Amino acid sequence: MAESRQLNEARRILQEYIKLKNLRNTPERKAVLEAIYVVPAPFTVDSVKEYLDEVYPVTRVTVYNNLELFFHIGIIVKRTSGSRGQEYETCVLTLTHHNLCCTNCQQVFEFRDSSIMRFFEGKRYKKFKMTNCAVMIYGICSKCQAKIAREKRRQLKLEEKRKLLEQKRQAEQKKKAELRREERKRQAELMKQLRAKAKKQKTEQNNKKQ
Ligand SMILES: [Zn+2]
């Protein structure tokens, strides 16, 4: 069974680490390791604890600490899901999926592409042997793309409306200025007529006196 091959490899990695760090081989740690190969992936601290409650009860802290250790030594990968919080998945000797992360809504979408694994397998890493890889590609999901496009269209419409209002305001100002100019001209004309009339009256009076 493929899964037991993965579990054996995970056991080997853990044993190496325990030896290296002089840690204790606790039955709790063994139980948590076995559990993550039984519970459905992706799993959480709670889903592992729930499973273990039936077979080998341990505290939530024990589950959490061991999952963090497994993550630290590369037995599992973790990611944050919106509804379930921190999720984990085994990754030893498995060709798992890769992830597309939307930087707008933070949603993570899984995808599979075996060429990615082959690409990285062909590379050399200094003092490092790759056992698996998971790629996280960042971008914008289709829903958010549509949302952003809608928002852009809305902004453009608002901008157009603003421009039209501004044009209307300017036209009104121009018209008012024109009216004022005409009014001044009319007043000036009127004054001119009045002055001419006064002059004419004065001349007539002078003529009468003579
Ligand atoms: Zn999105």
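This is a predicted model: local features need pLDDT of at least 70, side-chain atom pairs count only at pLDDT 80 or more; totals for chains, interfaces and linings use all residues.
**Entry 1: domains**

I began with the domain assignment. The protein chain is given domain 1 (1-94) and domain 2 (161-210). I then looked up the separation of the two, and the C-alpha centres of domain 1 and domain 2 are 93 Å apart.

**Entry 2: helix 3**

Which residues of helix 3 are buried? I noted V45, V48, K49, Y51 and L52 for this helix, which covers residues 45-55. Looking down the axis of helix 3, I find its buried residues within an arc of 165°, so they line one face of the helix. On the other side of helix 3 I noted D53 and E54, which are exposed. I also looked up what covers the buried residues of helix 3, and the cover includes helix 2 (27-35) and helix 4 (60-72).

V63 sits in helix 4. Is V63 buried or exposed? V63 counts as buried because it has 25 C-beta neighbours inside 10 Å, and the cut-off for buried is 20 or more. Not counting residues up to four places away in sequence, V63 touches V32, V45, V48, K49, L52 and V58. Among these contacts, V45, V48, K49 and L52 are also on my list of buried residues in helix 3. I checked E28 as well: E28 and V63 are 35 residues apart in sequence, and their C-alpha atoms are 8.4 Å apart in space.

V32 belongs to helix 2. V32 has 25 C-beta neighbours inside 10 Å and therefore counts as buried. Leaving aside neighbours within four places in sequence, I find V32 in contact with V48, V58, V63 and N66.

**Entry 3: the largest nonpolar core**

Which residues of the largest nonpolar core touch the most other members? Of its 21 residues, I noted I36, V48, L67 and I76. The elements giving two or more residues to this core are helix 1 (2-21), helix 2, helix 3, helix 4 and strand 1 (76-81). Helix 3 gives the most, with four residues.

**Entry 5**

How do strand 3 and strand 4 pair, parallel or antiparallel? The pairing is antiparallel, over four bridges. I noted that strand 3 and strand 4 form a hairpin with five residues between them. Q106, in the turn of this hairpin, has a positive phi of about 65°.

On the other pairing, strand 3 (residues 98-102) and strand 5 run parallel, joined by four bridges.

Last, I looked up the bridge partners of N99. In strand 4 the partner of N99 is E110, and in strand 5 the partner of N99 is M136.

Technical notes: Residues are numbered from 1 along each chain as its sequence is written. Domain bounds come from an automatic or database domain assignment. A residue is buried if 20 or more other C-beta atoms lie within 10 Å of its own, exposed if 12 or fewer, and partly exposed in between; C-beta atoms are placed from the backbone. The arc is that of the directions from the helix axis to the C-beta atoms. Two residues are in contact if their C-beta atoms, placed from the backbone, lie within 7 Å. Two strands pair if DSSP finds at least two bridges between them. A nonpolar core is a set of buried Ala, Val, Leu, Ile, Met, Phe, Trp, Tyr and Cys residues joined through C-beta atoms within 7 Å.
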